[in-house]
Amino acid sequence: MEYIIEMDKITKEFPGIKANDQVDLKLKKGEIHALLGENGAGKSTLMSVLFGLYKPDEGTIKVRGKLVSISNPNDANKLGIGMVHQHFKLVHNFTVAENIILGHEDTTKGFLRYENAVSKIQNLSKQYKLKVDPSAIIENISVGQQQRVEILKMLYRDAEILIFDEPTASLTPQEIEELMKILRSLAEEGKSIILITHKLTEIQQVADRCTILRKGKYIDTVDVAQTSNEELAEKMVGRKVVFDIEKAPAQPGETILKVENLWVRSIHSNTDRVQGVSLDVKRGEILCVAGIEGNGQSELIHGLVGLTPLSKGKILIHGEDITHATTRERNLSGISHIPEDRQRHGLVLDFSLEYNLILNSYFEKAYQRRGFLAFNSIREHAQDLIQQYDIRSSHGPLSLARSMSGGNQQKAILGREIDHGSDLLIAVQPTRGLDVGAIEFIHKQIIAERDRGKAVLLVSLELDEVMGLSDRIIVMYGGELVGEFDPQTVSENELGLYMSGARRRGVA
Ligand SMILES: Nc1ncnc2c1ncn2[C@@H]1O[C@H](COP(=O)(O)OP(=O)(O)O)[C@@H](O)[C@H]1O
Ligand SMILES: [Mg+2]
């Protein structure tokens, strides 16, 4: 029998969308099979069907050659199918061992055989080189270690078919490297693996075969060794893609933004999430703040744009002190901001696109006529930006922001903020969750801003983006700047050491 899993013509419809439309997936025993597709392509849906979380509208599933019906995760477990979800499902104040055993307790006459369980965990962890301390509390271990706990949890239940949903999203380069080794050793021990990802380098690194989905449809299944990144990308997005970010060397001019010893308090607790950060951004350069999520990047930007009050420090734009200015004053004094949370801070979702495009300028003369909004100018302005920034929607200027796709919402914010003409553009994760086409477009616009002589402060969690876009890189860890680098000379590996706190050096 060649296949351990055969999903055949699976269709799953949600109100208004066919998330899976006649999709096939055939998994061989002992292979690593990548499931590739852009955001929204239907990857998680297909795996939820296999794991018994959704019932398919059409199609059949065979496991080890036998037709099965999987109506809940328990059925899946019994068939030897395990899944590590994108967001881990661990109990934070339990130990590693307790989490692994949870729901699968080994009892003798009602008594928990805890020692048996722990020794089984230790054996598994040795066999698969999954280093963890069974007695450690989950909230005290790193994300990479938590992931190992999730893997051990599957192995503890004797799973043979392992599904990983975007497992590298929140890992450092070192942890990713480690995970790739673990995946390989699992496959060598005979486990069959489905790896969901949209990262081509990971596929080239570990996968044997790859199935590509696009907009809910099955596109192809290929042998990875015989397929180039370009071919994979083209199948994924349906057209040719330019990978390399092309840009000329930076020509930095005078300092636009200067930040001195900034401290920003968390809104959730009484601690400072930004601790003594100093930096400057010059005209004509892109300065990138790299780091793993949750190391104070968001709070730094909130402090800069006036969303959170500072505990200490000074912010200067063009040498002028704006430390105590309001958000609108900062906006007028020359800060444009593409926020991290585009739906909460970037748009008014129940406003039309044309009103969203003047959110930071409706009070200006151009849009006011005797105390009323000047509708014609607003419409013309919207039409200009829609064309210039390729903002696609169902009803043009009148489309509700809420009805637009993430990529087009982001292009609208980008267009509005660039059009505003500020000397400083702050862009926080500007391409998070977008498809390859929109990412390419947004990168080009950010570089064009730099080349028009604007200062750009970029916050990104994606190392490819950091390396490709930035002219200078600073790394944040635990609320502090721990290093400054030249993207031409630093390696991703070295950045990773700073991002994970394993290394630090003083920053001038
Ligand atoms: N529970 C749900 N209800 C409604 N729509 C959903 C649901 N889950 C996913 N979708 C939609 O189905 C499509 C495929 O989603 P998903 O399988 O999560 O894609 P991927 O994992 O490839 O990013 C998307 O358009 C998504 O918005
Ligand atoms: Mg998904």
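The views below come from a predicted model, in which local features need pLDDT of at least 70, side-chain atom pairs count only at pLDDT 80 or more, and totals for chains, interfaces and linings use all residues. Residues are numbered from 1 along each chain as its sequence is written, while chains are lettered from A and ligands numbered from 1 in the order in which they are written.

**View 1. D280 and its strand.** Let us stay with D280, which sits in strand β14 (residues 272-282); strands (E, at least two residues) and helices (H or I, at least four) are DSSP runs, numbered from the N terminus. Leaving aside residues up to four places away in sequence, D280 touches T255, L257, K258 and V259, where contact puts the C-beta atoms, placed from the backbone, within 7 Å. I338 is 58 residues from D280 in sequence, and their C-alpha atoms are 19 Å apart.

**View 2. Strand β13 and its partners.** Strand β13 (residues 255-265) pairs with β14 in the antiparallel sense over eight bridges; pairing requires at least two DSSP bridges between the strands. Here R265 has D272 of β14 as its bridge partner, and a hairpin of six residues joins β13 to β14. Strand β16 (residues 310-317) also runs antiparallel to β13, joined by six bridges, and K258 finds its bridge partner in L316 of β16.

**View 3. Two residues with positive phi.** Most residues other than glycine have a negative phi. D158 is not a glycine, yet its phi is positive, about 60°. D158 lies in the loop between α5 and β9 (161-165) and is exposed, with 10 other C-beta atoms within 10 Å. H318, also not a glycine, has a positive phi of about 50°. Its place is the loop between β16 and β17 (320-321), and H318 is partly exposed because 14 other C-beta atoms lie within 10 Å.

**View 4. The shell around ligand 1.** Among the residues surrounding ligand 1 are F14, I17, N39, K43 and T45, each with its C-beta atom, placed from the backbone, within 6 Å of the ligand. Both β2 (17-28) and α1 (43-50) supply at least two residues of this shell, and α1 gives the largest share, three residues. By class, the shell has four nonpolar, six polar and one charged residues; Ala, Val, Leu, Ile, Met, Phe, Trp, Tyr, Cys and Pro count as nonpolar, Asp, Glu, Lys and Arg as charged, and the others, Gly among them, as polar.

**View 5. The largest nonpolar core.** This core has 130 residues, and those with the most contacts inside it are L50, L195, L424, I426 and V475. Such a core is a set of buried Ala, Val, Leu, Ile, Met, Phe, Trp, Tyr and Cys residues joined through C-beta atoms within 7 Å. Helix α5 (residues 143-156) contributes its largest share, six residues. Not counting residues up to four places away in sequence, L50 touches M7, I61, I70, I81 and I163.

Note on methods. A residue is buried if 20 or more other C-beta atoms lie within 10 Å of its own, exposed if 12 or fewer, and partly exposed in between; C-beta atoms are placed from the backbone. Two residues are in contact if their C-beta atoms, placed from the backbone, lie within 7 Å.
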